[in-house]
Amino acid sequence: GYRARSAYKLRQIDDEVDLFDHGDTVVDLGAAPGGWLQIAAEAVTEAGRVVGVDLQRIDDLDHPHVETVRGDMTEERTRYYLRKALGVDPDGRDAPSGSADPDPDDGVEPERPVDVVVSDMAPNMTGEYQLDHARSIHLSRQAFDTALELLKPGGDFVVKVFDGPDLADFRDDVAAEFQYVRAYTPEASRKRSSERYLIARGRTDSPVSEGD
Ligand code: SAM
């Protein structure tokens, strides 16, 4: 069995759009207690790897190719430990884009080694609609920034969002960086009526414009 019923949401998304491939590197944000980690770990197999991040401690999974980081994704130090877990230069985030190819012989991972970023992060709900929506969009944007920082060209991004007035702008911003984005409501989300997932496929590389 799975650690959380939310596992079935990711299973449905994977069934629907064929998100994960054998051998993929996956980052799972808001991963506790670990249901999505289990789905992703099974899908990518031991040829791949999965790194999960959460504020909460995540009990060890039986999968040797899963690693977890405990921390707050809105804090830079957590993103530092995530890069470390991925084998990316943890201080390298501000390397200029469009710079020369990384040295292929230096033994470190390419700066963007990730095939899929998924985020199920959610704020503690207060019941106050405007506040919960704003906090949710804030976390979703944090996940988006992380996706842009770590995803390979062609990589995919799935993020939980709560419907509300700021969702359209967020969706437009995501759409600008991927080949396409769609909203999806898995069966298991139906009773939480405002919960959606944006599924963004094919991160487009954004080379520095050479002018027209
Ligand atoms: N997908 C998970 C699973 O299948 O087990 C369930 C995730 S649960 C719906 C949302 C998680 O987001 C919570 O565990 C919460 O601690 C985490 N979270 C919320 N804000 C966070 C933040 N700023 N940084 C890291 N994790 C956060």
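Because the model is predicted, local features were considered at a pLDDT of at least 70 and side-chain atom pairs only at pLDDT 80 or more, whereas totals for chains, interfaces and linings use all residues. Residues are numbered from 1 along each chain as its sequence is written.

The protein has five helices and seven strands, where helices (H or I, at least four residues) and strands (E, at least two) are DSSP runs numbered from the N terminus. Read from the N terminus on, the elements follow the order α-β-α-β-β-α-β-α-β-α-β-β. Two residues are taken to be in contact if their C-beta atoms, placed from the backbone, lie within 7 Å. Among contacts with a separation of 6 or more, 61% join residues 24 or more positions apart.

Of the 212 residues of the protein, 37% count as buried; a residue is buried if 20 or more other C-beta atoms lie within 10 Å of its own, exposed if 12 or fewer, and partly exposed in between, with C-beta atoms placed from the backbone. In soluble globular proteins, nonpolar side chains tend to be buried together. A nonpolar core is defined here as a set of buried Ala, Val, Leu, Ile, Met, Phe, Trp, Tyr and Cys residues joined through C-beta atoms within 7 Å. The largest nonpolar core holds 50 residues, of which A40 and V117 touch the most other members, and α2 gives the most to this core, with seven residues. With residues up to four places away in sequence not counted, V117 touches V27, A143, T146, A147, L150, L151 and F157.

Helix α2 is largely enclosed by the rest of the structure, because nine of its 10 residues are buried. These buried residues are G35, W36, L37, Q38, I39, A40, A41, A43 and V44, and they pack against α1 (7-17), β1 (25-29), β2, β3 (66-70) and β4 (114-119). Just after α2, T45 takes a positive phi of about 60°.

The axes of helix α4 (residues 129-150) and helix α5 (residues 167-175) come within 11 Å and cross at roughly 5°, the axes being lines fitted to C-alpha atoms over the stretch in contact, with angles from 0 to 180 degrees between N-to-C directions. That makes α4 roughly parallel to α5, since angles under 35 degrees count as roughly parallel, over 145 as roughly antiparallel, 65 to 115 as roughly perpendicular and the rest as oblique. The contact is made by I137, S140, R141 and F144 of α4 together with L167, F170 and V174 of α5.

Around the ligand there are 22 residues, of which A4, G30, G35, M73 and D120 come nearest; a residue is near a molecule or strand if its C-beta atom, placed from the backbone, lies within 6 Å of it. The elements that give two or more residues to this shell are α2 (35-44) and β2 (49-54).

In strand β6 (residues 178-184) lies A183, which counts as exposed because it has 12 C-beta neighbours inside 10 Å. Residues up to four places away in sequence aside, A183 touches R196 and L198. Strand β7 (residues 195-203) contains E195, which is partly exposed, with 19 other C-beta atoms within 10 Å. Apart from its neighbours within four places in sequence, E195 is in contact with K160, F162 and S189.
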